[in-house]
Amino acid sequence: MYDIYYIYLNIHAYQNKIDVISLCETDFDSSKIAEDFVIDGYNTYTSAPNPDTGKVRLVILVRNELNKHCRRLETKSHQEYLPAGWLSIKFPKSRQYVLGGFYREWGSGDKKSTDEQVRRVECLEEQIEDIVQRRGGHLWLGGDFNLNALRFGDPTWKLKTVADRFFDICEKNSLRRFDDGPTYTYCKNDEVRCSTLDYFFS
């Protein structure tokens with residue numbers, strides 16, 4: 001028996017209204033396959049592949065009309081792999097916008113420990129500070145952070161240490177989270193539950 005998950009999106013309703021789209025957990029098998037992913041009217045920017053699997057876990061799409069104002073930003077190399085991408089968009093006589101897309105992986109084996117998860121969050125901090133110091137501009141960061149915002153105040157939450165460190169980093173860099181409500185729904189013991197795992201910071 002198979003379950004079918006069906007998503008409907010009327011893209012016409014958004015036509016010419018979305019400038020930048022960030023997609024995470026894409027899991028393209030290679031950079032070549034990721035670069036071949038195209039939505040008509042958009043240019044594709046890919047994150048670095050996972051060094052262990054070769055998979056590309058995040059892509060950012062930018063509307064073609066913005067391409068001449070857009071450039072990819074490279075961060076200083078780190079030993080830790082992060083599915084992240086950074087772009088700069090600068091219009092004439094306008095402020096610069098720095099856009100980041102991010103996917104916080106859970107990790108597996110030893111990399112799933114709390115200490116390892118905190119360490120990966122701190123690698124994101126290094127990228128944010130590197131980008132801000134070198135580029136300035138108005139920063140927007142969006143993605144799947146896999147930290148349930150509905151449990152930030154729960155002292156018994158097993159990810160509380162990770163979440164606290166993450167928000168220390170956001171506060172240090174003057175990043176405010178925008179609350180759009182729950183972004184994930186699941187069923188446990190016949191009870192429908194919600195989580196807020198995806199959000200924007202600016």
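**Stop one: an exposed loop residue**

Select Lys 93, which counts as exposed at 90% relative accessibility (exposed is over 50% relative accessible area, buried under 20%, partly exposed in between, with a 1.4 Å probe and protein chains only). Lys 93 sits in the loop between β5 (84-90) and β6 (96-103); strands are DSSP runs of E with at least two residues, numbered from the N terminus. Its phi is near 55°, a positive value in a residue other than glycine.

This is a predicted model, in which local features need pLDDT of at least 70 and side-chain atom pairs count only at pLDDT 80 or more, while totals for chains, interfaces and linings use all residues. Residues are numbered from 1 along each chain as its sequence is written, and side-chain values use heavy atoms, with hydrogens and water left out.

**Stop two: a strand residue**

Go to Asp 27 in strand β1 (residues 20-28). Phi of Asp 27 is near 55°, a positive value in a non-glycine residue. Asp 27 is partly exposed, with a relative accessible area of 29%.

Now select Trp 106, Asn 148, Tyr 186, Ser 195 and Leu 197, the closest to the centre of the second largest pocket among the 18 residues that line it. The volume of this pocket is about 450 Å³. Colour β9 (184-188) and β10 (191-195), the elements that give two or more residues to the lining. The largest share, three residues, comes from β10.

A pocket is an open set of points on a 1 Å grid over the protein atoms alone, where a 1.4 Å probe fits, with protein on both sides within 12 Å along at least five of seven lines; lining residues have an atom within 4 Å of a point. Grid points are joined across faces, edges and corners, and the volume is the space filled by probe spheres set on the points.

Terms used
Helices (H or I, at least four residues) and strands (E, at least two) are DSSP runs, numbered from the N terminus.
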